[in-house]
Amino acid sequence: MGIRRARRFLFLAVFVLLLHAPPPASCADIYALIYKGCANQSFPGGVAPASIAALSSTLSTQSASAKFYKTSSSSASTASSTSVFGLFQCRGDLSASDCAACVSRAVSSWQGVCGASVAARVQLAGCLALYEVSGFPQVSGIQMLFKTCGTGGGGGGGDFEMRRDTAFSALESGVATSSGGFVATSYQAVYAMAQCEGDLSTGDCSQCVNQAVQHVEVECGGAPSGQVYLDKCYISYSYYPHGVPHGGGAGGQQTAKTVAIVLGGAVGLGFVVICLLFARSLVKKKDEY
């Protein structure tokens, strides 16, 4: 009976450990909608021209081999010709397959989120995709389009702000020397990331990120997390004083490592306990004989 009881306990313990263990990081997070931007004006008749569909197809195709691409597309008819410009950009740490999947999701959502607007911008967690009709009014590359700040304080007062500012300094130094315009870094539990539009010069990228840092410091204050999106760049940061939770941090790799360590430790501890109980049951059974 002792052996059977130990076996049942082994199965139950492993099941409970797996049930409560945090799941591995999911790629579904890259599809989360951060914000959308839609022009007030719509195409005549409320119907998007064929050039939008052609642009969507081109961007989706190019996303299989690039993380940044921009182009234009035209549709002609006997009545008029409509030219649209568009681009996509994937987060610098995405794989080629994740980039393609993210861009496909973004461009396919244009009509759903913006209807037949003459311009649409969809920013997902993993990528950006936008289009605008030829002649659409342009804005400054450092104009703030969207910001969001976490709730609560940083949990460390001046110490937290020092850590965050050090991480920001690393971002600014990184983009000044990076050719790709993407930098992810961490400093004492603060995880930060910055990215510029793919064809931005190093100098313009540095200026844009510097403006984003100033915005986030003013807009988010002591918040434990924040994101600021300008027209040509964005930055984000998160503070995890108690360790990176599932899905947190500047990227998924650190989270995956944390999950593996926690799960491995929990199962290992459970296995030791089971072995002790199993040995105890054998000794008890021997004494009974």
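A: Helices here are DSSP runs of H or I with at least four residues, strands are runs of E with at least two, and both are numbered from the N terminus. This is a predicted model, in which local features need pLDDT of at least 70, side-chain atom pairs count only at pLDDT 80 or more, and totals for chains, interfaces and linings use all residues. Residues are numbered from 1 along each chain as its sequence is written, and side-chain values use heavy atoms, with hydrogens and water left out.

Now for the helix itself. Helix α6 takes in 19 residues, 202–220. At 1.5 Å a residue (times one less than the number of residues), α6 should span 27 Å, and its end C-alpha atoms are 26 Å apart, which agrees.

Which residues of α6 are buried? They are C205, C208, V209, A212, V213, V216 and C220, where buried means under 20% relative accessible area, exposed over 50% and partly exposed in between, with a 1.4 Å probe and protein chains only. These residues cover an arc of only 145° around the axis, so they lie on the same side of α6; the arc is that of the directions from the helix axis to the C-beta atoms.

As for the setting, the protein has 7 helices and 10 strands. Of its 289 residues, 35% count as buried. Among contacts (heavy atoms within 4.5 Å) between residues at least 6 apart in sequence, 67% join residues at least 24 apart.
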